[in-house]
Amino acid sequence: MAYIPGGGAPASGVAPMGSQYCVCKVELSVSGQNLLDRDVTSKSDPFCVLFTENDGRWIEYDRTETAVNNLNPAFSKKFVLDYHFEEVQKLKFALFDQDKSSMQLDEHDFLGQFSCSLGMIVSSKKITRPLLLMNDKPAGKGLITIAAQELSDNRVITLSLAGRRLDKKDLFGKSDPFLEFYKPGDDGKWMLVHRTEVIKYTLDPVWKPFTVPLVSLCDGDMEKPIQVMCYDYDNDGGHDFIGEFQTSVSQMREARDGIPLEFECINPKKQRKKKNYKNSGIIILRSCKINRDYSFLDYILGGCQLMFTVSHEFAINFNPTNPFCSGVDGIAQAYSACLPHIRFYGPTNFSPIVNHVARFAAQAMQQQTATQYFILLIITDGVISDMEETRHAVVQASKLPMSIIIVGVGNADFTAMEFLDGDSRMLRSHTGEEAARDIVQFVPFREFRNAAKETLAKAVLAELPQQVVQYFKHKNLPPTNSEPA
């Protein structure tokens, strides 16, 4: 849930919530590592195609540029999608080796693919997975990395750049320079944000002005370092490094029309080898303009408002230090009271709340008698974004005095919930660790919609007595007359 600072009713003019309204834009960046080499005399020339599922059919959504002669491509082209957090939006990323200029995919060599939900990527922010063949068997080589960036800020930055006296890299010509812009990722690695066009046969290039979302370039942080790399383009993909420099949006904002900002383009290897080395040319920032994309703002206001604090373990009584309610009536009252102050938002992550309750249960492991046992009730529409993290959290929680009851509401696909319920086989985490015991009970509410409420209660609590007894017997803890937690 997302909390609106200051509370109050939704602002006038804001569209009502619902699947057709609750949407935000997400930008996906794709890179590949150690891809299959399908070319005989050179390396593969990969490009990535994104497919979205529509009524059980995969439809091409967009495709990246081709990375020439490169088994470790970082694609500059981004995929921008509408993210409906309450829906399962299935995506497929397929990599091909371009052999011809044809747009028909069967004219190119298949390198591998990966399928997942958009919510999974947004939840993880960045995922790396092995590529699979058409039959879902491992491709043998190749990884794909997908990073998600929510475009929750409507500011855009426009940069106009040129170069002067860049190093000559071509034997019988000058250079064919282009620039690449990188920002630091959460994992400490530099992440490609933008690649300019190539300017042929010149040491004094003038690149076309380009505009990117500010949040894409620096995550909205004006002081975040930005690395700029300058290369000489080669047709075989072995681009020659000219030089680099670092800056920030805060520094680039000093450039104005008529007052350019100059950066020395430095080649560290040359700098170390040559005593009289000065630079490998000058990159000139002619202008830097930050504006607001009001069409994008209207789009955001027409859907979900995004400027709130998102929490996956939000205390509905607004008291995180004492998030307790008195009985079922207290829960219902707190829930009704909090609704005007929050906006439902995605992704839908289960692992934070499982881990939250597990911390309480871990403290109770010090008990000398069977005094405390914790039950987590999750009411869900079936959408889960962090399946791998949730599997791991449940496996770890299986060692603790706690159980998890999941009630599925609506007509969604509850396959993920049934997977967590280890009735048919013991649940394993993504690392292969097996649960110590079955602690999850899943009940689809739709099967009890017209039944007596006692029937639903019986199904919900069916496995709980056995789970409680199983835990305390395993720990050899004697019973107590105290009431359970």
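**View 1. Strands S20 and S21 run parallel and are joined by seven bridges.** The model shown here and in the other views is predicted. Strand S21 covers residues 402–408.

**View 2. Three strands form an open sheet in the order S20-S21-S22.** The pairing in this sheet is parallel. Strand S20 (374–380) and strand S22 (440–444) are the edge strands, each pairing on one side only. On average, neighbouring strands of the sheet are turned by 15° against each other, with direction ignored. Helix H10, residues 453–460, packs on the sheet and touches S21 and S22. The direction of helix H10 makes about 150° with that of S22.

**View 3. Ile331 lies in helix H6, which spans residues 327–338.** Leaving aside residues up to four places away in sequence, Ile331 touches Ile316 and Cys325. Asn317 is 14 residues from Ile331 along the chain, and their C-alpha atoms are separated by 8.6 Å. The relative accessible area of Ile331 is 44%, so this residue counts as partly exposed; that class lies between buried, under 20%, and exposed, over 50%.

**View 4. Tyr335, Leu339 and Phe344 make up a nonpolar patch on the surface.** Together these three residues have about 250 Å² of accessible area. Tyr335 is found in helix H6. Tyr335 is classed as partly exposed because its relative accessibility is 37%.

Methods
Residues numbered from 1 in each chain as written. Predicted model: local features only at pLDDT ≥ 70, side-chain atom pairs only at ≥ 80, totals over all residues. Heavy atoms only, no water. Helix = DSSP H or I, 4+ residues; strand = E, 2+ residues; numbered from the N terminus. Buried < 20%, exposed > 50% of the residue type's maximum accessible area, 1.4 Å probe, protein only. Contact = heavy atoms within 4.5 Å. Patch = residues over 30% accessible without salt bridge, like charges linked within 9 Å, V, L, I, M, F, W, Y side chains within 5 Å. Areas by Shrake-Rupley, 256 points an atom, 1.4 Å probe, with all protein chains shown as cover. Salt bridge = Lys/Arg side-chain N within 4 Å of Asp/Glu carboxyl O. Pairing = 2+ DSSP bridges. Axes fitted to C-alpha atoms, helices over the stretch in contact; angles between N-to-C directions.
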